[in-house]
Amino acid sequence: MSLKSALVGGIVMLGVVSVSTAGARAAEPPANKTMEKNVVGNADRVEAHIKELHDKLKITSEEEAKWKDVADAMRKTAKEVHEKLADRTEKEKTAPLTAVDELKHYEALQQVPYDGAKRLVDPFEDLYQSMSAEQKKAADALFAQPHEAARAVGASGHRHMSKAD
């Protein structure tokens, strides 16, 4: 597996964590207090995910500066996802969204993981090069998980429909 595909898998993992409540928020604009709670909850989940990766990769004190760059890239991507969702919520408050509006929102939201992966490649590659063989093996296995899960349900990540469906 290439480093770039491993990073994309990592971004996918982060995206799942960051956007897990997006569906609920997209259906109905939340009250301000609920929105604030969601922001804090999402930030907490992102930080928990970053800590989990840090622990699973066994980042050493010598690698901390490089890890900080990786974590900052992940935080920026999560922030951008939140901003795109908040923009949609704000637009929804002023007028119903058209099908074209929804497609434009979807396009903008899909661009975030792509940009995030591009942003993450260099700092993660720098970190990866400094890792021990054991850490690299752990990283390879960890970042392969989303890719393997997607492969299990079909190359696009969607389950294949049977004739019974």
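Reply: This is a predicted model. The mean pLDDT of the protein is 77, and 64% of the residues score at least 70.

Me: Where in the protein is confidence lowest, and where is it highest?

Reply: Helix α2 (residues 22-27) has the lowest confidence, with a mean of 40, whereas α5 has the highest, at 95. The pLDDT is also below 50 over residues 156-165, a stretch with seven contacts in the model beyond near neighbours in sequence. For residues 15-36, pLDDT stays under 50, and the model has 27 contacts beyond four places in sequence for them.

Me: Why are α4 and α5 called roughly antiparallel?

Reply: The axes of helix α4 (residues 64-94) and helix α5 (residues 99-130) cross at roughly 175 degrees and come within 8 Å. Angles over 145 degrees count as roughly antiparallel; α4 and α5 are therefore roughly antiparallel to each other. The residues of their contact comprise 13 nonpolar, four polar and nine charged.

Me: What makes a set of residues a nonpolar core, and which residues have the most contacts inside the largest one?

Reply: The members must be buried nonpolar residues joined through side-chain atoms within 4.5 Å, and buried means under 20% relative accessible area. The largest such core has 19 residues. Those with the most contacts inside it are Leu 57, Trp 67, Val 70, Phe 124, Leu 127, Met 131 and Ala 139.

Me: Which helices each supply at least two residues of this core?

Reply: They are α3 (32-56), α4, α5 and α6 (133-153). The largest share, six residues, comes from α4.

Methods:
Residues are numbered from 1 along each chain as its sequence is written. This is a predicted model: local features need pLDDT of at least 70, side-chain atom pairs count only at pLDDT 80 or more; totals for chains, interfaces and linings use all residues. Side-chain values use heavy atoms; hydrogens and water are left out. Axes are lines fitted to C-alpha atoms, for helices over the stretch in contact, and angles run from 0 to 180 degrees between N-to-C directions. Helices (H or I, at least four residues) and strands (E, at least two) are DSSP runs, numbered from the N terminus. Angles under 35 degrees count as roughly parallel, over 145 as roughly antiparallel, 65 to 115 as roughly perpendicular and the rest as oblique. Ala, Val, Leu, Ile, Met, Phe, Trp, Tyr, Cys and Pro count as nonpolar, Asp, Glu, Lys and Arg as charged, and the others, Gly among them, as polar. pLDDT is the predictor's confidence in each residue, from 0 to 100. Contact means heavy atoms within 4.5 Å. Buried means under 20% relative accessible area, exposed over 50%, partly exposed in between (1.4 Å probe, protein chains only).
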